[in-house]
Amino acid sequence: MADHTEQSIVINADARDVMAVIADFEHYPDWVGAAREVEVTAQGADGRPSEVRFVLDAGVLQDTYVLSYTWSPDGNAVSWRLVSSDLQRDQRGRYVLSQQAEGSTKVTYELMVDLLVPMIGQLKRRAEKAITEAALNDLKKRVEG
C-alpha cells in the first residue's frame, strides 16, 4: 500500500480474540466513537463479512461509505478497500495480528485515505495518524476491557 500511515500496539489478548472484536462490525457503534451505524451488507462463503456499510459522524466530518473486506486464511489479517463514499475517493487499510507471548498480540494498522476534496499531503498523513492511533487505542480498550 503506497503512501500510507502505519501504527502498532500490543493488546493483552490472544490474536483470535482480537480478530473476533475486529470482525464484530455490528458492535462498532458501542466502542468506536464516530461510528453511528454499521451494517454488514454481504458475507463471503466463509461466513465472514465481505461488505460493510458505515455511517460516520466525527463532528465536522460526516460520511456514509461501504468497504469490501478480504480475510486472510490464517485469521491473522484483514484488508479492505473502498466501494463507495460520499466524501472519499479511495480508502485502503489492513489489520495484521502477530501473536506474541501467550495472551499478547501485536496489532498493526495500515491506512490510506484519499478524500474527494484536495488535501495537503502533510495534513492527510496527520489525519490518518490520528485515525489509526484512536482506532488502535479503542480496540485495545474494547478487547482488554
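Select Y69 and W80 first: Y69 is buried, as is W80, where buried denotes under 20% relative accessible area, with exposed over 50% and partly exposed in between (1.4 Å probe, protein chains only). The model is a predicted one, in which local features need pLDDT of at least 70, side-chain atom pairs count only at pLDDT 80 or more, and totals for chains, interfaces and linings use all residues. Residues are numbered from 1 along each chain as its sequence is written, and side-chain values use heavy atoms, with hydrogens and water left out.

Keep this pair on display. The ring centres of Y69 and W80 are 5.8 Å apart and their planes stand at 45 degrees, so the pair is tilted. (Rings of Phe, Tyr and Trp, the last by its six-membered ring, pair if their centres lie within 6.5 Å; planes under 30 degrees apart are stacked, over 60 edge-to-face, and the rest tilted.) Y69 belongs to strand β4 and W80 to strand β5, so the pair ties together parts 11 residues apart in sequence. Helices (H or I, at least four residues) and strands (E, at least two) are DSSP runs, numbered from the N terminus.

Next, select S68, which also lies in strand β4. S68 counts as buried because its relative accessibility is 15%. Beyond its neighbours within four places in sequence, S68 is in contact (heavy atoms within 4.5 Å) with S50, E51, S79, W80, R81 and V83.

Now widen the selection to the rings. The structure holds 12 aromatic pairs. In one of them, F25 and F54 have ring centres 6.2 Å apart and planes at 85 degrees, so this pair is edge-to-face. Ring pairs join F25, Y28, W31, F54, Y65, Y69, W71, W80, Y95 and Y109 into a cluster.

Finally, select T132 in helix α3. T132 counts as buried because its relative accessibility is 0%. Leaving aside neighbours within four places in sequence, T132 is in contact with T5, Q7, Y109 and L111.
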